[in-house]
Amino acid sequence: MKAFVMKAIGSVGFTEKPVPEPGPFDAVVRTTTALICTSDSHTVRGGIGPRENLTLGHEAVGVVHAVGSEVERIRPDDRVLCGAITPDWGDAASQNGFPSQSGGPLGGFKFANSKDGVFAEYFHVNDADANLAVIPDTVPDEWAVYCADMLSTGFMGAEKGNIPIGGTVAVLAQGPVGLMATAGARLRGAGLIIGVESVPERQLLARAYGAGEIIDFTSEDVVERVLELTGGEGVDTAIEALGADATFQTAVKITKPGGTISNVGYFGDGEFVRIPRVEWGVGMADKTIASGLCPGGRLRMERLLRVLESGQVDPTPMTTHEFAFDDMEQAFEISDKKLEDVVKVLIRFG
């Protein structure tokens, strides 16, 4: 089969690999639709260390090609969604309520990390009954594929943010995850959602997904403007959706005492992330810092598919580019270099 791989740090391309075989509890899926994620770029740049001919990608849907002898729920020819995070559900961390950390910190993050990812004609899924969800007939692939990571991660930002009904929320950065955090904040009942973003196209999407106010950080001071919009109090919840030290510090500064800083950003640079001491209340302002890794699992995927099926969120306006799998190198370059006002690149397989 054809696979799109990280050949080495800074180098990508196609190669041929054997079609994977399922273990007793596993499945092999024939890929039909996938999305490129900024995390793929972090990986290629060395974010998780050196890799050789590692298949990239972690957002995909497809049709079940084969299942192991012990798989009960999933059958060949099922159209399925696989979460970007595929935990080992018997692990102690899973049983303790943190399945994304099964096997160690971030251990549920297997695709394009500890095993081949989904940018191939077929991909392998561990613990298939617990990690695959059958897609309803009414939900097309190009919708369902967003549940694998963008909806799951963005909504997690809102869920971990402890948003009170009618509360105030700021979402810092309106990339795909930030946009879905904005949509998630609306679903959680926020009364005011403030989107922080400088790119006009993303500002428009943020408003469509629920942001009532937009702050362009290139033309105004974010902290001053948030305090102005909240009567000097700060927000109940600040969602950091970029993964930058300066943005994280801003999140702490704009959160009111007793509020929550919910981090969903990927911090790929630097050795430390700083907390501004005074605005943190010298450590005693009851500001909670919450973090997490994209939740996976069948139940999570089924719930997200239900959100799409009921029409509460349409993720497809984020798809700015579409390519065939054969044109993956061009697609990856556009996503990696943020060309042509890209938000999200969708890949269709033959």
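Tutor: Helix H5 is mostly covered, with nine of its eleven residues buried; buried means under 20% relative accessible area, with a 1.4 Å probe and protein chains only. Helices here are DSSP runs of H or I with at least four residues, strands are runs of E with at least two, and both are numbered from the N terminus. Please keep in mind that this is a predicted model, where local features need pLDDT of at least 70, side-chain atom pairs count only at pLDDT 80 or more, and totals for chains, interfaces and linings use all residues. Residues are numbered from 1 along each chain as its sequence is written, and side-chain values use heavy atoms, with hydrogens and water left out.

Let us go along the helix. The buried residues of H5 are Met150, Leu151, Ser152, Thr153, Gly154, Phe155, Met156, Gly157 and Ala158. What do the buried residues of H5 pack against? Their partners include two helices by name, H6 and H10, along with strand E5 (59-67), strand E12 (235-240), strand E13 (255-263) and strand E16 (344-348). Contact here means heavy atoms within 4.5 Å. After H5 comes Asn162, which has a positive phi, near 55°.

H5 also takes part in a pocket. Helix H5 (150-160) supplies at least two residues of the lining of the second largest pocket, as do helix H3 (128-131), helix H6 (176-187) and helix H10 (298-309). On a 1 Å grid over the protein atoms alone, a pocket is an open set of points where a 1.4 Å probe fits, with protein on both sides within 12 Å along at least five of seven lines, and lining residues have an atom within 4 Å of a point. The second largest pocket has a volume of about 340 Å³, meaning the space filled by probe spheres set on points joined across faces, edges and corners.

Which residues lie nearest the centre of this pocket? Of its 18 lining residues, they are Phe155, Glu159, Arg300, Arg303 and Leu304. Phe155 is also one of the buried residues of H5. H10 gives the most to the lining, with six residues. By class, the lining has eight nonpolar, four polar and six charged residues; Ala, Val, Leu, Ile, Met, Phe, Trp, Tyr, Cys and Pro count as nonpolar, Asp, Glu, Lys and Arg as charged, and the others, Gly among them, as polar.

Definitions and conventions:
Buried < 20%, exposed > 50% of the residue type's maximum accessible area, 1.4 Å probe, protein only.
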